[in-house]
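The structure comes first, then the points by topic.

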Amino acid sequence: ELEELVRIINLALRDVPGYTVAPYSPGEIAVQKIRLTGRRWFVFLEAEDLLDVGKDPARFPAHVRERYVTEIALEGIELVSDEEAHRQLVNHMDSREQRDIARSIKYVEKVAGDYALLFGAAALEDALHSVTFTKEQEIAAKQDPWVLKAVSTIRILQAYSDTSREAFDVLGEGHVLSEDWQREQNTFHEFENKRATLLAQFRAHLRAKANGEVQAVATIDLQEGDFVDVEIKSKAPLGY
């Protein structure tokens with residue numbers, strides 16, 4: 001999902017010298033092949049009680065998509081080729097209009113808030129401070145004010161993507177930083193405690209990394225009734 005946002009926002013730089021398009025990753029191709037199965041994907045999500053998460057295959061981890069591919073294969077449904085999926089992706093991007101770019105840039109304001117809540121305000125500030133503009137981009141911005149906004153938001157998305165991958169490497173595949181509470185798996189108290197503990201662990205890792213230190217991620221076994229303190233900075237209500 002972050003990769004697609006980057007691609008859409010990057011379209012604002014099409015007329016700026018130095019504009020490049022990154023090759024589509026195997027993950028993007030795999031997601032597009034599932035999209036092209038149409039309504040069958042929605043039927044799967046409904047049967048798995050996953051519609052609340054969203055409908056775009058990009059929002060789901062690889063193991064969910066793989067389970068779907070296995071299921072439809074048993075029904076004799078074949079996915080399109082990688083080449084066809086790539087062609088459709090290119091056509092989809094080429095058809096994006098200015099309003100799609102503007103909508104995506106505005107959406108990143110929410111993503112930036114999520115990034116700060118997860119990884120700390122300092123991490124977001126570091127990402128913003130690292131933004132630089134080329135002379136060509138500054139010239140183009142005089143004609144199109146979205147150009148500089150696009151450069152900044154792409155940097156935020158790249159930082160979010162990089163830090164998310166790092167969280168995966170540090171905390172392991174089962175971490176719940178980007179997941180919603182599943183009632184059937186645990187109580188809300190257990191979920192929030194686990195999430196808060198992982199946040200504290202990963203933020204400690206990021207602080208140590210910024211200071212050039214080595215920070216081992218300690219495992220904390222919380223029992224019901226135990227709490228951990230996590231500092232959260234936000235300019236808007238959290239919703240709960």
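Buried means under 20% relative accessible area, exposed over 50% and partly exposed in between, with a 1.4 Å probe and protein chains only. The model is predicted: local features need pLDDT of at least 70, side-chain atom pairs count only at pLDDT 80 or more, and totals for chains, interfaces and linings use all residues. Residues are numbered from 1 along each chain as its sequence is written, and side-chain values use heavy atoms, with hydrogens and water left out.

**Loop residue**
- Aspartate 49 counts as exposed, because its relative accessibility is 63%.
- The loop that holds aspartate 49 runs between α3 (39–47) and α4 (62–74); helices are DSSP runs of H or I with at least four residues, numbered from the N terminus.
- Phi of aspartate 49 is near 60°, a positive value in a residue other than glycine.

**Aromatic pairs**
- There are 5 aromatic pairs in the structure; rings of Phe, Tyr and Trp (its six-membered ring) pair if their centres lie within 6.5 Å, and planes under 30 degrees apart count as stacked, over 60 as edge-to-face and the rest as tilted.
- One of them is the tilted pair of phenylalanine 44 and tyrosine 68, at 5.1 Å centre to centre and 55° between the planes.
- Phenylalanine 44 is in helix α3 and tyrosine 68 in helix α4, so this pair ties together parts 24 residues apart in sequence.
- Phenylalanine 44 is buried at 1% relative accessible area, and tyrosine 68 is buried at 0%.
- Trp41, Phe44, Phe60 and Tyr68 make up one aromatic cluster.

**Charge over a ring**
- The charged end of lysine 55 sits over the ring of phenylalanine 42, 5.5 Å from its centre; the criterion is NZ of Lys or CZ of Arg within 6 Å of the ring centre and within 35 degrees of the ring normal.

Conventions
Helices (H or I, at least four residues) and strands (E, at least two) are DSSP runs, numbered from the N terminus.
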